Amino acid sequence: MPKNGFLTPKAIANRIKAKGLQKLRWYCQMCQKQCRDENGFKCHTMSESHQRQLLLFAENPDKYLDYFSEEFFDGFMELLKRRFGTRRIHSNVIYNEYIQDREHIHMTSTQWETLTDFVKWLGREGHVTVDLTEKGWFITYIDRDPETLARQKLLEKREKVEEDDEERMQKFIQKQIEKASDMEKNKNETVYTDLQRDDEEKKIAFNFGAAKSSRESESESVQPETSTNVLKAAAAEAASTSKKKEKDDRKRKKICSRGNKRDGREKEENRKSQKRLLAFQRNCG
C-alpha cells in the first residue's frame, strides 16, 4: 500500500480535521480553499493557481468585491429574516451563526472591513434599525415584504373598524342616558311641604267616615262583578262536563253494538258447525 493512500491513517486524520471549521484568516476566497495553519496558507499563496486568481482579480477588482459583498449581504439578511424575524438581536449572535456554514462568503473579501462597519451600513441604507448599547450593536430587521405589508394594512383596517364600532356604541349609550335623565326631569315629582296653620287655636279634625264609605261602595261594585264571573265559570264547567258525558255514552253504545254483532256471528258459526256434524253422522250411518 502506498504511503499517501486514501485509507492511510494520515489521510483519514486529515479528512477529519478538514470537516470542522478552521480559522478565517487562513481562508482564500478567490480560490475557495481553507488552510489549517499558517504554513499551509503561505504555501498556498505561493502556488501558481493562487497567482492566476490574483491576476484575474487585479484586472477588475470592483467586480469581484461587489459580487462577494452582495453574496455576503444576501446570506446575512436571509439568516436574519428566517431565524430571528423582527426581534431585536445582537449582531455578533447572527454573525456567529452565519459563519457556521463552511461555504459562506468571508467578510475579508467584501467591501466592509469589520462587522461594525457592516452594521452601520445596514442602518444607513434602512435595511435594519441599529441600536448601540454598552453590550454592543443590536439590530432589528425591517420587514418590507409585500405580503406582510398587506397583512399589516388589513389588521389596521380591522382595528379602525372595531374602534369605530366602539365609538358608535358609546355615543348611543350616552344618548340613551341623556334621554333617560330628561324623562326623569320632566316627570311631576311629589313635593313635600310643611304643615301651615293660619289659626293656631283652631283644632285639627280628621274624618275617616268618607274613606270608609268610599271603600264600601268599591267593595259593593266589585261583588256583583265577581258573582257574575263565578256564574259564568260554573256554566262553562257544566257545559264541558255534559259534553264529556255525551262522548262517553256514544263510545259505550258503539262498543256494545260491536259486542252484539260479534255474539251473533259466533252463534251462527256454531249452528253451521252443528249442522255439518249431523250431516256427516248421517252419511256415516
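An open sheet of three strands, in the order β3-β5-β4 and with antiparallel pairing, is present in the predicted model; two strands are taken to pair if DSSP finds at least two bridges between them. Helices (H or I, at least four residues) and strands (E, at least two) are DSSP runs numbered from the N terminus. The edge strands are β3 (88-90) and β4 (128-133), each of which pairs on one side only. On average, and with direction ignored, neighbouring strands of this sheet are turned by 30° against each other. Because the model is predicted, local features need pLDDT of at least 70 and side-chain atom pairs count only at pLDDT 80 or more, whereas totals for chains, interfaces and linings use all residues. Residues are numbered from 1 along each chain as its sequence is written, and side-chain values use heavy atoms, with hydrogens and water left out.

Strand β5 (residues 136-141) pairs with β3 in the antiparallel sense over three bridges. Within this pairing, Ile89 stands opposite Ile139 of β5, and His90 has Phe138 of β5 as its bridge partner. Helix α5 (residues 91-98) packs on the sheet and touches both β3 and β5, its direction making about 70° with that of β3; contact means heavy atoms within 4.5 Å. Axes are lines fitted to C-alpha atoms, for helices over the stretch in contact, and angles run from 0 to 180 degrees between N-to-C directions.

The pairing of β4 with β5 is likewise antiparallel and comprises six bridges. A hairpin of two residues joins β4 to β5.

Ser91, placed in helix α5, is buried with a relative accessible area of 3%. Leaving aside residues up to four places away in sequence, Ser91 touches Leu115, Val119 and Trp137. Ser109 lies in the loop between α5 and α6 and is buried, with a relative accessible area of 11%. With residues up to four places away in sequence again not counted, Ser109 touches Gln29, Leu65 and Phe68.

Helix α4 (residues 61-84) packs against α5. The axes of α4 and α5 come within 10 Å and cross at roughly 110°, which means that α4 is roughly perpendicular to α5. Angles under 35 degrees count as roughly parallel, over 145 as roughly antiparallel, 65 to 115 as roughly perpendicular and the rest as oblique. On the α4 side the contact is made by Glu71, Phe72, Gly75, Phe76, Leu79, Leu80, Arg83 and Phe84, and on the α5 side by Val93, Ile94, Tyr95, Glu97 and Tyr98. By class, this contact of α4 with α5 has nine nonpolar, one polar and three charged residues. Ala, Val, Leu, Ile, Met, Phe, Trp, Tyr, Cys and Pro count as nonpolar, Asp, Glu, Lys and Arg as charged, and the others, Gly among them, as polar.

Helix α4 also packs with helix α6 (residues 115-125), at an angle of about 75° and with the axes 13 Å apart. This geometry makes α4 roughly perpendicular to α6. Phe72, Phe73, Phe76 and Met77 of α4 meet Phe118, Trp121 and Leu122 of α6. The contact of α4 with α6 comprises seven nonpolar residues, with no polar and no charged ones.

For the protein as a whole, eight helices and five strands are assigned, and they follow the pattern α-β-β-α-α-α-β-α-α-β-β-α-α along the sequence. Of the 285 residues, 16% are buried. Among contacts with a separation of 6 or more, 45% are accounted for by residues 24 or more positions apart. The accessible surface comes to about 24800 Å², of which 52% belongs to carbon and sulfur atoms; accessible areas come from the Shrake-Rupley method with a 1.4 Å probe, and for residues only the protein chains shown count as cover.

Conventions:
Buried means under 20% relative accessible area, exposed over 50%, partly exposed in between (1.4 Å probe, protein chains only).
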